Amino acid sequence: MNKSPQDQFVKFHANQAGPFTSDNNVIDVTIPGGAVYNLRDSYLQIYAEISSTDVAIGGVNGVYNGILEFENQSAHFPNSALVKNCEVSSSARGSIESIRRADILSQAKHLVSRGRRTDQTENYLSANVVSDPNGNTFQTPFVQKRQSGTTLSSYQEAPIPIRLGDLMESCETLMYDGRKLGDLRFRFELNAPGGAAPKIVAAAAGTLADGQPLYPGWSSFNDIPANQATITSLTLDVGAGAAQTRGAREDLGGCPWYVGQRVNVKATGAGAGPPANIDANTIITAIAVADDGTLQIALAASIGTTGAGATYEDVEINAILAPATISATFNRVELVAKRIGNPPPMSMPIEWAWRTYETTEDTGPQGVLNFNRQYIMSPESDAVMITFPDATADVFSINTDINSYRLAINQVETTDRDVVVGPTALDVSPLALDRLSDLYDKMGLSISNLTLNGGVSDQKDYAQIYNQANRRQTIFGCKMPQTAQQKYLGVKISLGANQVDKICLFQSSPRGLSY
């Protein structure tokens, strides 16, 4: 008995060669016709890597928790925000979907429709990771981290997956029949590092300066005894009694230290003729768990000495250091498509339906606290999402000066009162949450995070990731009736200070084709 052909994932390389930068950021990829593909399970894949420069210690260079961030902005973002604009077309039907400012749109959709728990489950795939709730550590895909042994951790090229469906909803289809529609052509414009005006930069996650809270149970080490010609190792202070379980563990899952990490060690001179206090930068070159369960850390170079009767007390790793420079590179791009092994007959009719978005970008007048403008909406649009790209990254909808809004369609108000959305999270009215939920429901999106805070990547403490008031986003909009002709959307916004620097509206419309 013959087995049915199995589904396969097939890689298609970009027509352009890398490395990709802000000056070389356009990607063209073609999925050839003649087969049937599941686009929902297909994805774009960017191969990226991190590198750093620093002054070596004992001949060893540090390795850092490299992540990607938007320049001057530590707000957490999904991988889909790495694509600024995108479009797809087929050889038989021409243009299928084109999204301008897909980075703003996908970030806003992801923010509300995906909860924190879901976001954490995909953290290992993210180019912009947040700290892990297990130990408040950072696990980045760009580093092959080693938490035991003598082999240094190392940077590695990592694939960053971006679901096609997260960029364009036409790519949520389970079946694209290339036997009928021919080649499927994609074009992507990336937010890329490097070049004249990079939007994406590398950052070292989890660095902690002197005086910032470190890791209880992992930062204090045993006193250093007398008669040490060199001090090149530390033994974790396991304390006494119940506290002993904090450090004496073979499970290093919550351990913040790894081989190759650059840290600062401090210690206080004590005993007879006390030596000068230690305040030394060093690199961890080995980590081992002794037979008694204590953790031992080896250092790249000696951090001091002790004479007869002299010791060191209050030994601790006091800071996790940042590199002199850190950078990212997008080496190459490919599209991974799921080809259906046992497709239906070509005679079977297919209904392909999706929702697309038309983008309108505008800027407000300087210093005007009462923004009042009217925008033309297309007849077929049935909802509009309004965002406010921040002045730094130009991606996150952050404007903490907005107090309230009111919308009208063809001069008919959508609410009977102003909708209060700020300036703080405590000021947000139940009506604002109700209108936001109604908007996302109309667009066919789930609602899992009405706090509108997607977190930050520069906070070690997991409890603080989603509590940064200046990272709360402002997103609103409304349903609209489909009309026989163009309609007008009136937007009134009341601000407490500054102005509407930028405003970006996404008209949502149903689309589809039969073949």
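In this predicted model, Asp 416 and Arg 417 join their side chains in a salt bridge with an N to O distance of 2.8 Å. Asp 416 is exposed at 58% relative accessibility, while Arg 417, at 49%, counts as partly exposed.

That pair belongs to a structure holding 27 salt bridges. Another of them links Arg 435 to Asp 438 at 3.4 Å, N to O, and because these two residues are three apart in helix 6 (residues 430-442), about one helical turn separates them. Arg 435 is partly exposed, with a relative accessibility of 25%.

Lys 502 lies in strand 28 (residues 502-514) and Asp 394 in the loop between strand 22 (383-387) and strand 23 (402-409), so the pair ties together parts that are 108 residues apart in sequence. Lys 502 is partly exposed at 29% relative accessible area, whereas Asp 394 is buried at 15%. Both residues take part in a network of salt bridges that also includes Arg 100, Arg 101, Asp 103 and Glu 361.

Asp 103 leads on to helix 1, where it is among the buried residues. Twelve of the twelve residues of helix 1 are buried, so the helix is largely enclosed by the rest of the structure.

The cysteines form zero disulfides. The sulfur of Cys 171 is 8.1 Å from the closest cysteine sulfur, that of Cys 86, which is too far for a bond, and Cys 171 is buried at 0% relative accessibility. For Cys 478, the closest cysteine sulfur is in Cys 504, at 16 Å, again too far for a bond.

Notes. Residues numbered from 1 in each chain as written. Predicted model: local features only at pLDDT ≥ 70, side-chain atom pairs only at ≥ 80, totals over all residues. Heavy atoms only, no water. Disulfide = S-S within 2.5 Å. Buried < 20%, exposed > 50% of the residue type's maximum accessible area, 1.4 Å probe, protein only. Helix = DSSP H or I, 4+ residues; strand = E, 2+ residues; numbered from the N terminus. Salt bridge = Lys/Arg side-chain N within 4 Å of Asp/Glu carboxyl O.
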